Amino acid sequence: MTRQDLLASLRSSDCLDLVVVGGGATGLGVALDAALRGFSVALFEANDFASGTSSRSTKLLHGGVRYLAQGNIALVREALAERATVLHLAPHLAQPLPFVMPSYACWQSPFYGAGLAMYDLLAGRAGLGRTRWLNKAQAMAALPGVRADGLRGGVQYWDGQFDDARLALALARTAEAAGARVLNHLPVQAIRPDVASPGQGHVVTVQDRFSGEVLALRARCVVNAAGVWVDDVRAQAAGGGQAPARMVSPSQGVHVVVDRAFLAGHSALLVPRTRDGRVLFAVPWLGKLVLGTTDTPRDDLPREPQAFAGELAFILREAGQVLARPVTRADIRSVWVGLRPLVAAPTPAEGGTQSLSREHTIVVDPGGLVTVTGGKWTTYRAMAEDVLERCFEAGLLPRRAGGTTARHRLVGAPPAGQEAVPIHQAPGLHLYGTEAGAVRALAGAGRELGMGLTEAMVRHAVRAEYACTVEDVLARRWRSLFLDAGEAAAMAPAVADILVDEGLSQVGLDAFLDLCEHYRGHQIPTGG
């Protein structure tokens, strides 16, 4: 369905079973699960699908090695099982990846190896590979570019990696195929009790960002899955009444992208404890190397948060401790920042946001608004099941059997057993899975715009993947902005021309060029 088709279907709707506010991993997971249970569903995203936290992860589907160290066995066990499920649902977008912890002290390999052996044990049959100890030569072979001086060996274990934004798109399209109506660039303006049916639902008012059209839709149940912005939605639903207590304590994670030459192998590198007690990853992803991350509390919630100078300095400094070649600011291709919706502590937590929970929390406000926050990409499907169970318990929706999302493969998923192109390789047509042929058949399949993106892929993004702006295409349909912001800026005018040719008028070229400067990191002060 085109955007106009989706809007037309909403205009003619009477009362929806469920409206979901927020088009990130959690909201899309809820929409898909509810649609597969036969509910009438609409999902509204204020900007673009996965444009917030859900496209700015460290690109890992993991059970949580750090949580194992904290003794949170239940969370790790659930996440390991869900990791295996996601890898099955979209093998073209989510795959196993080996990780190596290099050891520079004699105690590190046996200490960390013992913990990772427990990680394997908890995974059971959902494990991706056995942990093994490496000598120095094996560690250097697995991590070409690691610092050799003082290296004693390492430990290799397995986790998952994925393309987060494209997985979100696959969820959106699969939800639509199941009957849900999902729309981006359609912010919610108001959530009010349905006076026509007191105590029986809400009226949700949305406005099309491009046409300005306003729609008022009745819904029996509203789920607030707006990520770090859930508190804003709760306050909006409260109207003139007292705003509910804050649920989210945001934290930001910074990621730096450099060329793969710094670590040329196909394994990720993990430093489980830096000098200040944090974690450092170096992950091969889509032909580049992602370095990160930080965990810094924030009080504000900008749509495009900026890295702090100290965060950037931390990543570059710590990377220089384990890589043979130091990373400088001149080597940076892109810098992106994600805001994590950590569940707020009732009192200020010692140690900053690292001590707050990554597990999700679901609350039902007195007016019937259901809010979910926290969690992580790996467990999006289990979170969705929990949300619907809470809706049933609260009497907001009639109970219907679920469980199908664990088996319902996503749009584009190739047949089980078919070998997939590794996610760590440069982006290409393989990211479309079974839809590659349809993309190749579109006009402009032979015209490359840069970084593997063709004219045909841009047309497919508009016609089948909800893309409305240059940013939609170059940030999330194709990850150019996240891989090389300078190259993305060079590609942008050609993408804008194609969008106009496809009938779009407000494509946001100038705004995207400004955003490219933001991601290049030139505005981040030095020092600190």
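**Note on salt bridges and a pocket**

1. Arginine 303 is partly exposed, at 33% relative accessibility. The scale used here: buried is under 20% relative accessible area, exposed is over 50%, and partly exposed lies in between (1.4 Å probe, protein chains only). Glutamate 471 is buried, with a relative accessible area of 14%.

2. A word on the basis. The model is predicted, so local features need pLDDT of at least 70 and side-chain atom pairs count only at pLDDT 80 or more, while totals for chains, interfaces and linings use all residues. Residues are numbered from 1 along each chain as its sequence is written, and side-chain values use heavy atoms, with hydrogens and water left out.

3. Arginine 303 and glutamate 471 form a salt bridge through their side chains (3.3 Å, N to O). Arginine 303 sits in the loop between strand S15 (296–297) and helix H9 (309–322), and glutamate 471 in helix H13 (residues 470–477), so the pair ties together parts 168 residues apart in sequence. Helices (H or I, at least four residues) and strands (E, at least two) are DSSP runs, numbered from the N terminus.

4. The structure holds 36 salt bridges. The criterion is a side-chain nitrogen of Lys or Arg within 4 Å of a carboxyl oxygen of Asp or Glu. Another of them joins aspartate 17 and arginine 220 (2.7 Å, N to O). Strand S1 (residues 15–21) holds aspartate 17 and strand S10 (residues 214–224) holds arginine 220, so this pair ties together parts 203 residues apart in sequence. Aspartate 17 is buried at 13% relative accessibility. Arginine 220 is partly exposed at 37%.

5. Where do arginine 459 and glutamate 502 lie? A salt bridge connects their side chains (2.6 Å, N to O). Arginine 459 is in helix H12 (residues 455–464), and glutamate 502 is in the loop between helix H15 (485–501) and helix H16 (509–520), 43 residues apart. Both arginine 459 and glutamate 502 are buried.

6. Shared partners matter for the count of links to follow.

7. Of its 30 lining residues, Val65, Arg66, Ala69, Pro272 and Val279 are the closest to its centre. A pocket is an open set of points on a 1 Å grid over the protein atoms alone, where a 1.4 Å probe fits, with protein on both sides within 12 Å along at least five of seven lines; lining residues have an atom within 4 Å of a point. Helix H3 gives the most to this lining, with five residues.
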